[in-house]
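Visitor: I would like to go through this model with you. Could you show it first?

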Amino acid sequence: MSNDSLYTRHTPSFSAKLFGYAPESFKAFGEFNKQALAEGVLSVRTKELIAVAVAQITGCPYCIEAHVGKAKAAKASFEELFEAGVVAAAVNAHSVFYNTANTWKAFGERKEDDLFPRGNIALAEQLEQVNESLYTAFAEYQFNSLQAGLLSEKEKLLVAVGSALVIGNPYSIDIFTGRAKSAGISLEELAETLLVATALKAGSAVAHRVNALQAYERD
């Protein structure tokens, strides 16, 4: 095992080293992860599209590799995975863009007790007044990213909601959940999307146990 790389591919025996120190907890997480990604109201293919997109947000190479393999087994094409990844990137950018409303208020020294009022969504949409060309370019990017392609609008919105939940931005969660509802996505589908997002966000921490163990054992 190299001490020069922080992302060395580890053997199964090394990856499992920590399991013995908290067996019941690791077992419980494994079962939750299995159930979250199992066929339900959403198909395994749809869940894995969400999972791969979310894994690109968390940046966990272990999760990306594992869920790309599962998505491929569920007959998802690379082109479909690419579309899902573009949606995740758009949602990540969306969260940054809407946080500009907070920046605008801070610049104007407008201090409020509610740091994330829904009114900030409308405020962010007024940024067109600041720079129309940049605002328009961003709006077009968002629009194009969510248009149906190889993936349907519904599939893209499920990826968007899952991405927003992992990022944790209140504006993006509110906006994309509202769009998902308008597109006919049910609460059952929303619940399963939430669980996939939860499994991937927690899973990235679990997957990085090998990095923690490597750091702990390093001379």
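Visitor: How many aromatic pairs does the structure hold?

Guide: There are seven aromatic pairs. Rings of Phe, Tyr and Trp (its six-membered ring) pair if their centres lie within 6.5 Å; planes under 30 degrees apart count as stacked, over 60 as edge-to-face and the rest as tilted. One of the pairs is Phe97 with Phe138, stacked at 4.2 Å centre to centre with 15° between the planes. Phe97 lies in helix H5 (residues 78-98) and Phe138 in helix H8 (residues 132-146), so this pair ties together parts that are 41 residues apart in sequence. Helices (H or I, at least four residues) and strands (E, at least two) are DSSP runs, numbered from the N terminus.

Visitor: Before we go on, what kind of model is this, and what rules apply?

Guide: The model is predicted: local features need pLDDT of at least 70, side-chain atom pairs count only at pLDDT 80 or more, and totals for chains, interfaces and linings use all residues. Residues are numbered from 1 along each chain as its sequence is written, and side-chain values use heavy atoms, with hydrogens and water left out.

Visitor: Back to that pair. Is Phe97 buried or exposed?

Guide: Phe97 is buried, with a relative accessible area of 16%, and Phe138 is buried with a value of 16%. Buried means under 20% relative accessible area, exposed over 50%, partly exposed in between (1.4 Å probe, protein chains only).

Visitor: Which residues form an aromatic cluster?

Guide: Phe97, Tyr98, Tyr135, Phe138 and Tyr141 form one aromatic cluster.

Visitor: New topic. Which residues have the most contacts inside the largest nonpolar core?

Guide: They are Leu37, Ile50 and Leu200, in a core of 36 residues. A nonpolar core is a set of buried Ala, Val, Leu, Ile, Met, Phe, Trp, Tyr and Cys residues joined through side-chain atoms within 4.5 Å. Two or more residues come from each of helix H3 (44-58), helix H4 (61-73), H5, H9, H10 and helix H11 (187-207).

Visitor: What does Ile50 touch?

Guide: Leaving out residues up to four places away in sequence, Ile50 touches Leu42, Leu158, Val159, Thr193 and Val196. Contact means heavy atoms within 4.5 Å. A second, separate core of eleven residues includes Ala101, Ala124, Leu127 and Phe138.

Visitor: And where is Glu155?

Guide: Glu155 sits in helix H9 (residues 153-167) and is buried, with a relative accessible area of 15%. With residues up to four places away in sequence not counted, Glu155 touches Arg45, Thr46, Leu49 and Leu150.

Visitor: How many disulfides does the count come to?

Guide: The count comes to zero disulfides, a disulfide being a pair of cysteine sulfur atoms within 2.5 Å. Cys60 counts as buried at 0% relative accessibility, and Cys63 counts as buried at 7%.

Visitor: Last one: what volume does the largest pocket have?

Guide: Its volume is about 490 Å³. On a 1 Å grid over the protein atoms alone, a pocket is an open set of points where a 1.4 Å probe fits, with protein on both sides within 12 Å along at least five of seven lines; lining residues have an atom within 4 Å of a point. Grid points are joined across faces, edges and corners, and a volume is the space filled by probe spheres set on the points. Of the 21 lining residues, Tyr62, Cys63, Ala66, Ala207 and Arg209 are the closest to the centre of the largest pocket. H4 gives the largest share of the lining, seven residues.
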